Amino acid sequence: MMLLAGAAGAAALTSTEPGFVVPDGGFVLDGGDIEAASLAEGSCLDPSLAEEPGATAAAEPSLAASASALPVLDPQAAPAPRPMAFEYSDGYRTRLKIHKYASFATLPLFIAQFAVGQKLYDGNASDGTRSAHSALAVSTAALFGVNTVTGVWNLYEGRKNPNKSTKRKVHGILMLAADAGFVATGMLAPDDDEGEGGGGGNRSTHRTVALASMGVATVAYLIMLIGN
């Protein structure tokens, strides 16, 4: 009986799955060894872990298409230049304030001067109108004198600024042209009620040059006003 029991136990210990060979000295505990052996041979027992046929081949073209869609950077392209810092003086800022606040009187002076000058041109002016016209002319000359000095001074200081604005340069050129026009307007002013000036001027020429100068100055003023 003991021999039969021993033989039956030995047969139970050495039984394996079909096609699976237990190496010498080895033994089987459960199905885990079968799975490990199958994985070692390159197979997979779990169907959910298996890759579908052609999945890898289909992924390669999609990756290539994504890579081709990326923008190509030119290694020789020059980077955009950065604006350079430029420091203005305290005097520049003071002159800029004077220039800015004084310029607010430009359009009111032009409107008043046009209204008074029109009365003189039509011959309906009184002595008070003539005095007002003269006072407005002096005020306009003073305004443009102050703004010319402060504006040209600041343009000169900012001449080395690499970030200087073209708009300011155009503004300055137009204002200097208006200055020349106002000087000519004063020289062409008539000296008597008949409109004949001592310097050969007359009312029509005086008025035309004055309006042209006001127009140029107004355009220059609005360039800076709208731009700010």
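**Close-up views of a predicted helical chain**

**View 1. Helices α4 and α6 cross in a left-handed manner.** A crossing is called left-handed if the near helix is turned anticlockwise from the far one by less than a right angle, and right-handed if clockwise. The model is predicted: local features need pLDDT of at least 70 and side-chain atom pairs count only at pLDDT 80 or more, while totals for chains, interfaces and linings use all residues. Residues are numbered from 1 along each chain as its sequence is written, and side-chain values use heavy atoms, with hydrogens and water left out. Helix α4 spans residues 90-103 and helix α6 residues 127-157; they pack at an angle of about 145°, with axes 9 Å apart. Axes are lines fitted to C-alpha atoms, for helices over the stretch in contact, and angles run from 0 to 180 degrees between N-to-C directions. Helices (H or I, at least four residues) and strands (E, at least two) are DSSP runs, numbered from the N terminus.

**View 2. Residues of α4 meet residues of α6.** On the α4 side, the residues in contact (heavy atoms within 4.5 Å) are Y92, R95, L96, I98, H99, A102 and S103. Their partners in α6 are L143, V146, N147, T150, G151, W153, N154 and E157. By class, this contact has seven nonpolar, six polar and two charged residues. Ala, Val, Leu, Ile, Met, Phe, Trp, Tyr, Cys and Pro count as nonpolar, Asp, Glu, Lys and Arg as charged, and the others, Gly among them, as polar.

**View 3. S103 is a buried residue of helix α4.** Its relative accessible area is 11%; buried means under 20%, exposed over 50% and partly exposed in between (1.4 Å probe, protein chains only). The S103 side chain reaches the backbone oxygen of K100 at 2.5 Å. Leaving aside residues up to four places away in sequence, S103 touches L143, N147 and Y221.

**View 4. L136 is found in helix α6.** L136 is buried, with a relative accessible area of 15%. Not counting residues up to four places away in sequence, L136 touches L109, A112, Q113 and V116. The C-alpha atoms of L136 and Q113 are separated by 6.1 Å, although these residues lie 23 apart along the chain.

**View 5. The protein chain has eight helices and zero strands.** Buried residues make up 18% of its 228 residues. The chain averages a pLDDT (the predictor's confidence in each residue, from 0 to 100) of 74, and 57% of the residues score at least 70. Over residues 194-200 the pLDDT is below 50; this stretch has eleven contacts in the model beyond near neighbours in sequence.

Methods: Polar contact = N/O pair within 3.5 Å; in protein donor to acceptor, adjacent residues only side chain to side chain.
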